[in-house]
There are 8 protein chains.
Amino acid sequence: GFAHLDQHRAIRCGFPEVVFGQGKTPEQVVQIVRRLAERNDRVLVTRVAAEMAQVVLEQIPEMAYHAVPRLLILNRSPDTPKRPGIVVATGGTADIPVAEEAAMTAELMDQQVVRLYDVGVAGLHRLLGHLEVLQRARVIVVVAGMEGALASVVGGLVSAPVIAVPTSVGYGANFQGLSALLTMLNSCATGVSVVNIDNGFGAGYLAGLINRLGDPA
Amino acid sequence: GFAHLDQHRAIRCGFPEVVFGQGKTPEQVVQIVRRLAERNDRVLVTRVAAEMAQVVLEQIPEMAYHAVPRLLILNRSPDTPKRPGIVVATGGTADIPVAEEAAMTAELMDQQVVRLYDVGVAGLHRLLGHLEVLQRARVIVVVAGMEGALASVVGGLVSAPVIAVPTSVGYGANFQGLSALLTMLNSCATGVSVVNIDNGFGAGYLAGLINRLGDPA
Amino acid sequence: GFAHLDQHRAIRCGFPEVVFGQGKTPEQVVQIVRRLAERNDRVLVTRVAAEMAQVVLEQIPEMAYHAVPRLLILNRSPDTPKRPGIVVATGGTADIPVAEEAAMTAELMDQQVVRLYDVGVAGLHRLLGHLEVLQRARVIVVVAGMEGALASVVGGLVSAPVIAVPTSVGYGANFQGLSALLTMLNSCATGVSVVNIDNGFGAGYLAGLINRLGDPA
Amino acid sequence: GFAHLDQHRAIRCGFPEVVFGQGKTPEQVVQIVRRLAERNDRVLVTRVAAEMAQVVLEQIPEMAYHAVPRLLILNRSPDTPKRPGIVVATGGTADIPVAEEAAMTAELMDQQVVRLYDVGVAGLHRLLGHLEVLQRARVIVVVAGMEGALASVVGGLVSAPVIAVPTSVGYGANFQGLSALLTMLNSCATGVSVVNIDNGFGAGYLAGLINRLGDPA
Amino acid sequence: GFAHLDQHRAIRCGFPEVVFGQGKTPEQVVQIVRRLAERNDRVLVTRVAAEMAQVVLEQIPEMAYHAVPRLLILNRSPDTPKRPGIVVATGGTADIPVAEEAAMTAELMDQQVVRLYDVGVAGLHRLLGHLEVLQRARVIVVVAGMEGALASVVGGLVSAPVIAVPTSVGYGANFQGLSALLTMLNSCATGVSVVNIDNGFGAGYLAGLINRLGDPA
Amino acid sequence: GFAHLDQHRAIRCGFPEVVFGQGKTPEQVVQIVRRLAERNDRVLVTRVAAEMAQVVLEQIPEMAYHAVPRLLILNRSPDTPKRPGIVVATGGTADIPVAEEAAMTAELMDQQVVRLYDVGVAGLHRLLGHLEVLQRARVIVVVAGMEGALASVVGGLVSAPVIAVPTSVGYGANFQGLSALLTMLNSCATGVSVVNIDNGFGAGYLAGLINRLGDPA
Amino acid sequence: GFAHLDQHRAIRCGFPEVVFGQGKTPEQVVQIVRRLAERNDRVLVTRVAAEMAQVVLEQIPEMAYHAVPRLLILNRSPDTPKRPGIVVATGGTADIPVAEEAAMTAELMDQQVVRLYDVGVAGLHRLLGHLEVLQRARVIVVVAGMEGALASVVGGLVSAPVIAVPTSVGYGANFQGLSALLTMLNSCATGVSVVNIDNGFGAGYLAGLINRLGDPA
Amino acid sequence: GFAHLDQHRAIRCGFPEVVFGQGKTPEQVVQIVRRLAERNDRVLVTRVAAEMAQVVLEQIPEMAYHAVPRLLILNRSPDTPKRPGIVVATGGTADIPVAEEAAMTAELMDQQVVRLYDVGVAGLHRLLGHLEVLQRARVIVVVAGMEGALASVVGGLVSAPVIAVPTSVGYGANFQGLSALLTMLNSCATGVSVVNIDNGFGAGYLAGLINRLGDPA
Ligand SMILES: Nc1ncnc2c1ncn2[C@@H]1O[C@H](COP(=O)(O)O)[C@@H](O)[C@H]1O
Ligand SMILES: Nc1ncnc2c1ncn2[C@@H]1O[C@H](COP(=O)(O)O)[C@@H](O)[C@H]1O
Ligand SMILES: Nc1ncnc2c1ncn2[C@@H]1O[C@H](COP(=O)(O)O)[C@@H](O)[C@H]1O
Ligand SMILES: Nc1ncnc2c1ncn2[C@@H]1O[C@H](COP(=O)(O)O)[C@@H](O)[C@H]1O
Ligand SMILES: [Mg+2]
Ligand SMILES: [Mg+2]
Ligand SMILES: [Mg+2]
Ligand SMILES: [Mg+2]
Ligand SMILES: [Mg+2]
Ligand SMILES: [Mg+2]
Ligand SMILES: [Mg+2]
Ligand SMILES: [Mg+2]
């Protein structure tokens, strides 16, 4: 049967359960986290507004809230060595919340993350100043809004896989991130794939999966 | 009254009449060109298919047909000195027809055009190898399909006005040029404006207008 | 290397740094302005809500806030002579905030701006009453919402470059400015290019770049 | 019951039955026309390709085919006096097929139609040269593609009802007529309503209905 | 010249100036109404929120505010005889605000309006119970949201012109009125034309224009 | 395991495998039909162009091709009694191919189908003349293009489930069936659900499933 | 005439009147419910916000408010036996409000509903653990947001009709439910039809209609 | 400088140059392949129509053409050992051309590919029969059209990275692949990223990059 799939999930994935906080009540989140915490050392809740965080933290004080990426994290085994290889880059400062969601997700998977923020293509020298860091990476997450051109430029500079995250940063013909999304899907650089608009969690998780692939076992 | 506007057009604009060839019959084009040729030294017909060109050339042998940009040109005063200042760049080779439409339109306005073709962002060194040419330009036309990121990158490297032309080159989520169009409209580089998808003529014409602005008179 | 690009920016562009205020905290804006002010006589912050402006002004009292275009401006060298040549026109009164963003951006670049507001095509005589002003302009910014037809009409009356700014003014099938955007991109008048919906800053900046092109040096 | 509605249609409407030719076989059209001709003096078939027309004309030689608007017409009572009041205007020459569909539909309803073709807004003097004709009209059909701005300009010049017909003439961000459609729906001129893209028949029919309203009885 | 167009507007149109209230400040509205009231007996302000109305009424107490259609009306000559001929019908009760905007606009033009509200097609008998009223009308305004099918059904029952007004009533795949808009544009009934989503004013105004056409002079 | 699902499919569903012909080569279709025919008395291939049918029929002469709905059918047990209860209605004649696809699919499931073609809402009496047939039905398939209003009108007249099939019949703002699709999804009549544009097969199959529900066992 | 249709509605449909609460004032709802309650034992009001519910309950205390599905229900004959056969399944917990709207609507029609919540495809074993329940159902409502894949998977596992309800749960390229809607419309599983985004009421009502079809009488 | 980037590309990437065949003339392709072949053992040309292939093969007989994925391949070092780890799965048979483009691209990068074709979710047992193969994979390419649900189901069954390729297979509300694209972007399974519609090349290339990450050197 298939009933055994779920209970082995943490074993297979090496990752705690993740909760999508948006659209849940604080009470629901508390209840779900408590249940997951019975079997997991780590629990991650994404898209948590500050007000929800406050309620949850009163109930489960061992969690930590990170306001910028709006993450609630339970981590009972934080002092593990991190595996290097991941770079998270952003086009602008307004993309940082999504980038931090990606970076902290990967870090919770015991990955080491180098952050290159505000290196968008309108000032190319900022990006090119970090060329070596980019070319040493094993997997790169590119987070960009507005026209999202950063993914193509980075993809053309490196041969590592690039995970592109369009953000909803912008206005007008940006159409809440559609512009950056289409840009990234049409990238003429090779090695680029795309996740949903503002989906930092998905990109960080995938980066973690990929970076672990080289593990001896 | 307003009736004088039209007859003075060539005087005001320094440019011959332009005919939009698409959707007209060869006979209509012949007739319109003949009428315009009575008062103009130069007539430009855009979006002319090869079959139409053949019919028109039989009737008006002094015209020349340019197959790549699909332009029919009558030019009785071709040996004028050209004013330098315009660069036309493309992301790929498939963008060349649109770029040539822009370049030859500007040349017919007595502008000198430097062509930088196939310098798309997925191979940044190709573009950066021409940095000086770009930074010396007075106005730059950037023609790109797929994700259209070239306009942002060029816009960030120069302080000249950049006229961005999205092309319909691509497939899938390109949506016949929508992707490049949105990219260019959302450019975070300053000094970039956009014309319609595949509108090389409009970009070349505008580049000509802008480059002439510095004329002593 | 490319590291020298940035420090020479003000020299190349003749323009101060610009900060995109939307999506930043007041603290971030204060910090960025202070840093930019160390090397620039002028700093422009766009898309600044009144509440943010209040906080910033308490910290940096030498700035001025313009509520209609939502601009924060630091200008330590205001008494420079302005170069004539730019007209900014709007279809309606609701387009004025975007138009003012354009006009004040250009003025900060030492350009002189003639304002023609509320001259939309539904009352053509209002526009035609200013025909001479329009035809004398070296570059025209047309700001219009709803159907955005003003750009085509102006483009047909003049031979100067027209920078069209669609606005999100309207309702229903306007789709937050999409209607005016498409109208302007499809303009059958020559010499018209388009910037993003509500992007007065971009249009004003580009108008400044173009108008300066005729400079003796 | 409702069964009487249909047989009185010609009486109520003073108009022949109309057949939508597109997507039918020539045989189906022949059969439908024959049935309708038993009770009606006039039958109109719209959207008829040349090949279909040839087949139908061989079977029903008393019909006439009009290639430009692709109309097949049976008219056994052609010499009726026409009621003046309708103007049909187009932005360009490529809009003429749709305009002729409108004009000939109205004429078949015994309306007199004044044609003003190729008076688009990019050359405003062409339109303004016909101001008197426009202002004397009782109802105006405006047919325009690309950006479709003509409807707003005409609507602002007259107080008669304006029926706007967007056409699919254009390319790129025209999106097969969407651009002109949105423009016309968002018209800031009063008295403007819109029919489907390329629906010349619908506009001509409606113009006929409206112009007849003033009939003594 | 064209300057005389505007001053004769009330004469040509037989209608007072109309102000688009949305996006204006109460102060702007007061000022505009005062200026218009100098030469017009009637002034109409559309899309007026209750808070704005309160401010304006304090300044101009002779105006009246109608909360459902959100109209502010100045009418110094209210006791004119009304011309019969207009029917305004709605699909549901949620469409009534838009319908009232249409009806009161037409009434201000001295038209008499019969209201048929909540006669949507999901309960066809409600509509058919009013068949005679519909068939006697000279012009019909159909206001409907959700799928907007009422316009087609009414258009098929009558030979009078039908002005269809899609509303934004609905949810989900309604896309803020897009669904009803497309339905109405694609109506297979003849004699139907369409105005913008929620544009009751435009429909009422046009209905007034059309109904007046039969006037002896 | 799940491997038994497929071989029991005909038993569970009372229906043979269905082959989606579009995008396959005739050879692939022949091969798949042969394999299915080993275990099934009936095989249905949908979306079969005439050229493909010819090739397949040469190889498998016991199949029958139906050109209007483009169906290829193998039926070795055709003389089964049919269960009454299904009505298939269309708005126009151009919708008949899709309607026949639905009807013949249901018939192959041993359902009896009453066809009501060309009863669109623009001539309501045609529909209402069949009211009794509609109200006796156990399940109704409504096939309509253009504005697709027929589904709502039928849905309001009956209490049986209505399966709405939008078709791509139309032009302009129909957008290849999007208009009818949105209309049907937003139907304010209860009991209406929708399948994909032009998906006659899906509707007929579902109608068969529903009509069989009342079976004694 | 048709006037008899309405008064027999409860008889034909076996279901009380339903009121669409959204966009009505509490007063309007009270008034409509009171009128309906004169002739019906059951009245259902959908899309009722908590504030509206409070007002209505003060006026009509015999109603009950269900906060999760936002339903107001008047039920004077609650103790009827329920007919088994309906399953309502959701992909996630955020889809529960829509699912409850469906389930409670069906229950009010005297149907028995089995709920399978949070069985989305990303954890397939959760779904497969309920295979028997699914395969015994006579009609299944599948409620899912984000990518909405659950409808296809369920549709492939069962031969009962599946009514798919896309929800607006998600973010980014979900576009308020468009993603799930398109997924469900394109389902390659047979027997699946779709209702509007978030339209739990419509799905539950249709499920009730279908499940009743097998009734002896 | 940056000029050295290009010449080292094959070294960095371990992959030959790739040519985008679409929109090029056969002559251009011949010329480009010849130039690339001077320095590369392998050259890949994508999106090559049969007619183009014929011309190129006459000029460069050592190339091989693969008609299904439309690939032209030059491979002078074919007998290299392949690295296991990649699975390419499709929903249907019509997705095979895109899947083969992915598989053969990866194979040209010395990767070993297991093909699981026609395992779409409408017949889940087909997929689950290969569960072990899926769970042993290091990276999985999922190619699916219509509703594209396969990516989510696979993503939920494995912890390897999943590269999702939407295809344009389908009709109606599929909108040339948009439906599958949105489904995949909104996948609620973790570890899924997306490339452009029909971009088999991009997915295969990225799979190769990822699978190589575990290399000892
Ligand atoms: N209103 C605006 N619209 C578009 N671009 C802007 C706007 N304001 C500033 N920018 C651009 O954004 C850049 C600064 O972005 P940031 O570093 O995020 O403050 C400037 O150099 C401008 O090019
Ligand atoms: N609700 C409305 N919808 C569309 N157009 C309107 C509306 N109200 C007024 N208008 C038009 O807008 C014009 C006035 O615009 P404004 O000068 O901005 O007040 C009037 O002449 C009307 O043609
Ligand atoms: N949540 C809902 N979604 C779609 N249709 C509904 C909903 N609730 C009620 N309806 C329909 O709307 C009709 C009542 O609309 P109304 O007369 O505006 O209250 C009912 O007969 C139902 O068919
Ligand atoms: N089918 C394809 N889809 C997307 N990108 C491709 C495809 N084939 C080639 N490419 C990319 O396009 C580049 C070559 O483009 P070009 O110079 O126009 O031949 C290659 O380096 C690839 O990155
Ligand atoms: Mg790369
Ligand atoms: Mg620049
Ligand atoms: Mg011009
Ligand atoms: Mg007017
Ligand atoms: Mg009618
Ligand atoms: Mg019903
Ligand atoms: Mg099924
Ligand atoms: Mg997974």
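In this predicted model, Arg76(H) is partly exposed, with a relative accessible area of 39%, and its side chain meets that of Glu62(H) in a salt bridge with an N to O distance of 3.5 Å. Because Glu62(H) lies in the loop between helix H4 (50-59) and strand S3 (64-66) of chain H, and Arg76(H) in the loop between strand S4 (71-75) and strand S5 (83-90), the pair ties together parts that are 14 residues apart in sequence. Glu62(H) likewise counts as partly exposed, at 48% relative accessibility. In chain A, salt bridges that share partners join Arg42(A), Lys82(A) and Asp110(A) into one network.

Over all chains, a search of the whole structure finds 55 salt bridges. One of them, in chain E, is formed by the side chains of Asp110(E) and Arg42(E) at 3.2 Å, N to O; since Asp110(E) lies in the loop between helix H5 (96-108) and strand S6 (111-116) and Arg42(E) in strand S2 (residues 42-46), this pair ties together parts that are 68 residues apart in sequence. Arg42(E) is buried, with a relative accessible area of 10%, whereas Asp110(E) counts as partly exposed at 22%.

Ligand 1 lies between chains A, B and C. An oxygen atom of the ligand is 2.8 Å from a polar backbone atom of Phe20(C), an oxygen atom is also 2.8 Å from an N or O atom in the side chain of Lys24(C), and a nitrogen atom is 3.2 Å from an N or O atom in the side chain of Asn199(C). Taken alone, ligand 1 exposes 500 Å², of which the protein buries 82%.

Technical notes
Residues are numbered from 1 along each chain as its sequence is written. Chains are lettered from A and ligands numbered from 1 in the order in which they are written. This is a predicted model: local features need pLDDT of at least 70, side-chain atom pairs count only at pLDDT 80 or more; totals for chains, interfaces and linings use all residues. Side-chain values use heavy atoms; hydrogens and water are left out. A residue is near a molecule or strand if one of its heavy atoms lies within 4 Å of it. A polar contact is a pair of N or O atoms within 3.5 Å; within protein, one must be able to donate a hydrogen and the other to accept it, and residues adjacent in sequence count only if both atoms are side-chain atoms. Accessible areas come from the Shrake-Rupley method with a 1.4 Å probe; for residues, only the protein chains shown count as cover. A salt bridge is a side-chain nitrogen of Lys or Arg within 4 Å of a carboxyl oxygen of Asp or Glu. Helices (H or I, at least four residues) and strands (E, at least two) are DSSP runs, numbered from the N terminus. Buried means under 20% relative accessible area, exposed over 50%, partly exposed in between (1.4 Å probe, protein chains only).
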